[in-house]
Amino acid sequence: MTIDTPPAGSRGRTLLGELFPGARLIVAANRSPFRLTFGVRGEERWERPAGGVTAALDPLLRQTGGLWVAAEPGEPQELKVPPEDPTYNVSVLGVPEEVYRGYYVGYANSGLWPLCHNLVERAHFRSSDWVAYRQVNRQFAARIASEARPNDLIWVHDYQLALVPGYLRQFGVSGPIAFFWHIPWPPTVVLRLVPERKMLLQGLLEADWIGFQTEESVDAFAAAARRELGVRSQRTAHGVTLLYQGHRTHVASVPISIDVEKVEELARTEYAEHLLVDLRRRWKLGEDSVLLLGVDRLDYTKGIPERLEGFSRLLSRYPSLRGKAHFLQIAVPTRTEISDYRRLALSVRRKAASINRRFGEPGWQPVRLIEHNLRLERLVVLYRLADVAVVSSLYDGLNLVAKEYVAARVDGDGSLCLSETAGAYHELRSAFPLSPLSSERIAESMARAIFASPEERRERMQSLRDAVQRNTVDTWLSRVLTGVRGSVDDQLSGVKETPV
Ligand code: G6P
């Protein structure tokens with residue numbers, strides 16, 4: 001297969017070329033950034049799934065070119081994307097339905113996902129799901145091994161694919177392997193609930209470099225590797241080096257980011273300005289209205305019912321906001337094969353309806369729920385429209401919505417209420433902090449944001465914008481690539497320090 005390369009001179013490509021001369025980038029991530037289906041008359045229909053990993057990696061692959069390997073139940077597909085101006089290739093592995101269920105619905109999303117978010121009572125581990133998980137991880141590795149040249153850079157993503165580095169080595173791949181774990185890594189006592197934790201760790205430790213969103217996750221991973229496998233570890237200036245069976249893995253905290261320039265550009269277009277005026281008029285948002293906004297996949301880790309309960313408390317506590325405050329919740333359906341997710345969708349709808357019944361008046365319905373994905377072009381307009389964005393995840397690897405909101409506020413106004421347990425909080429300390437399991441605290445955080453003086457709002461937003469501009473998706477890429485280069489060089493030179 002020929003892997004397309006984008007025009008010379010794009011930023012990511014230049015950096016990749018400098019650090020890994022002649023290398024192509026091969027990304028493995030469960031979800032494909034594009035889906036192609038066909039209508040009844042055979043017409044092409046392209047979909048772009050939601051989710052942090054695709055949101056961050058698609059702009060990257062557009063710059064670097066290369067190959068993205070993903071998986072879906074059913075038939076395989078080979079695509080050139082984005083469809084309007086192809087710059088990279090996508091290879092979607094076809095996985096038998098039953099196997100995909102065990103791997104995706106089962107092991108990854110009913111086991112690892114809730115567990116890594118410390119929601120242990122939701123997690124289930126079944127042996128048959130583990131068999132399917134291994135099988136799909138092997139399939140990824142086999143596809144990549146058949147494609148990779150010795151110096152290509154292979155970059156594997158997230159909890160669905162923990163075994164891929166191990167299988168790649170078994171298939172004889174000796175080139176550089178990076179792994180990025182996008183969700184939180186759980187504390188050791190929680191990890192001990194995973195029956196196959198040793199094999200997961202062994203698979204991951206075949207990578208040369210592993211990135212996490214926070215220092216907390218780096219420390220928890222190093223502790224798990226020491227405790228479960230007796231791995232030796234050493235702190236370095238950039239994180240921790242782990243030595244396991246003669247192989248070194250560098251582990252670092254490198255929080256992911258967004259294409260800040262692109263979001264800013266989209267927030268400034270004529271289309272955005274028009275839509276802004278149009279929505280204000282259609283939604284009757286006057287001078288004294290307050291629009292609060294939530295944008296999430298409909299996932300129980302995002303704390304959506306708790307957030308709506310917080311909004312309800314806000315309306316009880318501040319009667320002056322009745323008739324003026326609106327909560328717009330974009331809730332994108334996700335993983336609907338899993339009953340916990342279907343139950344969540346019902347409970348969010350019920351909660352919204354009960355708030356509207358309780359407080360609504362003719363001409364004012366406090367909660368508006370939109371249950372589908374919106375393209376970034378439209379989303380940035382909602383970000384600009386919203387006086388307050390509310391991110392109240394119970395746990396979150398990072399949360400890119402928080403960063404997108406800040407980047408879209410090219411006017412320097414707007415406030416962010418951000419959960420203290422979202423990874424993004426480490427970088428976005430000027431947000432209004434929010435404690436996601438307490439509806440009183442959520443209401444308090446919203447009230448602080450709403451009633452803050454214009455000076456305070458602007459100061460906080462300026463400092464948030466500085467933080468987001470300091471770490472863009474380009475910075476992230478460059479930190480990852482430099483980290484992997486360093487690990488590979490250490491591996492080759494046998495390194496002087498020995499982890500103890
Ligand atoms: C999170 C995970 C991703 C996942 C995304 C969407 O961001 O970290 O790995 O792709 O959610 O979830 P889905 O199950 O629809 O791919």
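Reader: How far does a polar side-chain atom of D158 lie from an oxygen atom of the ligand?
Author: This is a predicted model, in which local features need pLDDT of at least 70, side-chain atom pairs count only at pLDDT 80 or more, and totals for chains, interfaces and linings use all residues. Residues are numbered from 1 along each chain as its sequence is written, and side-chain values use heavy atoms, with hydrogens and water left out. Taking a polar contact as a pair of N or O atoms within 3.5 Å, the distance from the polar side-chain atom of D158 to the ligand oxygen is 2.5 Å.

Reader: Which residue has a side-chain N or O atom 3.3 Å from an oxygen atom of the ligand?
Author: The side chain of R31 also places an N or O atom by a ligand oxygen, but there the distance is 2.9 Å. The value of 3.3 Å belongs to the side chain of R297.

Reader: Which residue forms a salt bridge with R235?
Author: A salt bridge is a side-chain nitrogen of Lys or Arg within 4 Å of a carboxyl oxygen of Asp or Glu, and the whole structure holds 33 of them. In this one the closest N and O atoms are 2.5 Å apart, and the partner of R235 is D219.

Technical notes
Polar contact = N/O pair within 3.5 Å; in protein donor to acceptor, adjacent residues only side chain to side chain.
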